[in-house]
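Subject: Structure handover

Hello,

Here is the structure I said I would pass on. Please open it beside this email and follow along.

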Amino acid sequence: MAASLSLPLIDLSSTDRISTANSIRQASMDYGFFYLINHGVDEQLLQNVFDESRKFFSLPLEEKMKLARKGDLGFAPMRAENLDSSTTSKGDSKETFHIGPSEDDERHINQWPSEDVLPSWRFVMEKYYKQVLSTGKQLSSLIALALNLDENFFEKAGGALNGESAVLRLLHYPGEMGVSDEVVYGASAHSDYGMITLLATDGVPGLQVCREKLKQPRIWEDVNHVKGAFIVNLGDMMERWSNCLFRSTLHRVMPTGKERYSIALFLDPNEDYIVECLPSCCSESSPPRFPPIRCGDYLRDRIDAAYSG
């Protein structure tokens with residue numbers, strides 16, 4: 001049995017922004033994960049998103065495959081993705097659905113279920129996308145303060161978040177795995193690719209983190225559900241940006257025998273943004289560890305690798 005991890009609670013509604021930023025800084029250095037409470041996303045809306053997600057994943061596979069991924073958006077069936085290429089697994093035991101900004105372009109075209117099948121689906125998902133994106137941008141200003149930057153750095157001065165550069169990911173993990181000789185993962189061990197992830201879960205356990213990703217054997221700890229809170233974690237892009245001051249922590253989802261649903265928003269820099277070491281995170285004694293990289297190129301390589309099996 002894995003031990004439970006006690007993560008810090010960050011209150012987005014706090015009026016003491018400096019104290020909150022300091023708490024985020026400590027949490028990001030120690031864990032790379034924290035809970036976010038009083039985040040402003042309507043509780044009933046969140047419930048509606050889970051309800052609509054369940055309705056979609058309950059459809060016959062042939063119906064879901066009509067909305068199969070185009071580019072990076074749409075439905076991906078069981079075993080389509082393998083987040084840890086070092087395992088012998090045939091793919092992760094989950095199915096997913098990705099939704100991007102409402103302003104479609106040729107590279108990113110949203111797939112929507114027919115209103116005859118799921119009449120409220122698109123409306124609910126677009127409403128939630130906008131609300132949680134707003135929460136993510138509020139959080140990004142506190143993360144900027146936590147990095148000793150101007151609070152508008154990521155959205156204005158840096159230009160990294162001056163568009164709707166986020167993807168919503170609906171996840172369904174089946175309860176019954178069947179009999180297999182291989183180790184089965186809901187989501188195999190990985191760190192997220194981008195800047196910030198805001199995760200809502202249905203309360204079913206399974207999420208685990210490994211704080212020391214370079215040590216062997218890996219020690220895994222359970223992340224408990226906190227009602228009404230988002231679980232926030234930082235991605236590899238933030239680790240690069242901060243010169244490894246902030247952690248991008250290894251995590252996974254293990255099957256528990258119970259069906260599980262979760263909803264993640266990945267908040268990433270714009271595709272053309274060049275991510276390089278932040279001035280507040282490097283010095284003569286601590287030079288940049290990573291070369292500058294175009295965000296879109298980095299994310300493309302990581303996503304393609306996960307779906308290459």
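Among contacts between residues at least 6 apart in sequence, what percentage join residues at least 24 apart? In this protein the figure is 79%. Please keep in mind that the model is predicted.

**Overall make-up**

The protein has 309 residues, and 53% of them count as buried. Its secondary structure consists of seven helices and 15 strands.

**The sheet**

Eight of the strands form an open sheet with mixed pairing. Reading across the sheet, the order is β2-β3-β11-β8-β13-β6-β5-β4. The edge positions belong to β2 (9-11) and β4 (74-76). Each of these two has a single partner strand, so one side of each has no neighbour in the sheet. From one strand to the next, the twist averages 25 degrees.

In the order above, β11 and β8 are listed side by side. Strand β8 covers residues 196-201 and strand β11 covers residues 230-234, and the two pair in the antiparallel sense over four bridges. To find the pairing in the viewer, look for Ile 196, whose bridge partner in β11 is Leu 234.

Helix α2 (residues 43-57) lies across β4, β5, β6 (166-173), β8 and β13 (260-267). Its direction is at about 115 degrees to that of β13.

**Strand β5**

How many of its five residues are buried? The count is five of five, so the strand is mostly covered. Glu 95, Phe 97 and Ile 99 point one way from β5, while Thr 96 and His 98 point the other way. Residues pointing in both directions are buried.

β5 pairs with β4 through three bridges, and these two strands run antiparallel. Within that pairing, Phe 75 has Phe 97 of β5 as its bridge partner. β5 also runs antiparallel to β6, to which five bridges join it. Here Thr 96 stands opposite Leu 171 in β6.

**Salt bridges**

The structure holds 17 salt bridges. I looked at three of them, and at one network.

Are the two residues buried or exposed? Glu 95 is buried, at 7% relative accessible area. Lys 64 also counts as buried, at 5% relative accessibility.

Another salt bridge joins Arg 122 and Glu 126, whose closest N and O atoms are 3.1 Å apart. This one sits within helix α4 (residues 121-146). Because its two residues are four apart in that helix, about one helical turn separates Arg 122 from Glu 126. Arg 122 is partly exposed, with a relative accessible area of 38%. Glu 126 is partly exposed as well, with a value of 23%.

Glu 155 and Lys 137 form a further salt bridge, with 4.0 Å between the closest N and O atoms. Glu 155 belongs to helix α5 (residues 153-157) and Lys 137 to helix α4, so this pair ties together parts 18 residues apart in sequence. Glu 155 counts as partly exposed at 33% relative accessibility, whereas Lys 137 is buried at 18%.

As for the network, salt bridges that share partners join Arg 69, Asp 72, Arg 300 and Asp 304.

**Helices α1 and α4**

Helix α4 also meets helix α1 (residues 17-30). Their axes come within 8 Å and cross at roughly 80 degrees. The two helices are therefore roughly perpendicular to each other. On the α1 side, the residues in contact are Arg 17, Thr 20, Ala 21, Ile 24 and Arg 25. On the α4 side they are Leu 139, Ser 141, Leu 142, Ile 143, Leu 145 and Ala 146. Sorted by class, this contact has seven nonpolar, two polar and two charged residues.

Regards

Conventions: Residues are numbered from 1 along each chain as its sequence is written. This is a predicted model: local features need pLDDT of at least 70, side-chain atom pairs count only at pLDDT 80 or more; totals for chains, interfaces and linings use all residues. Side-chain values use heavy atoms; hydrogens and water are left out. A salt bridge is a side-chain nitrogen of Lys or Arg within 4 Å of a carboxyl oxygen of Asp or Glu. Buried means under 20% relative accessible area, exposed over 50%, partly exposed in between (1.4 Å probe, protein chains only). Axes are lines fitted to C-alpha atoms, for helices over the stretch in contact, and angles run from 0 to 180 degrees between N-to-C directions. Angles under 35 degrees count as roughly parallel, over 145 as roughly antiparallel, 65 to 115 as roughly perpendicular and the rest as oblique. Contact means heavy atoms within 4.5 Å. Ala, Val, Leu, Ile, Met, Phe, Trp, Tyr, Cys and Pro count as nonpolar, Asp, Glu, Lys and Arg as charged, and the others, Gly among them, as polar. Two strands pair if DSSP finds at least two bridges between them.
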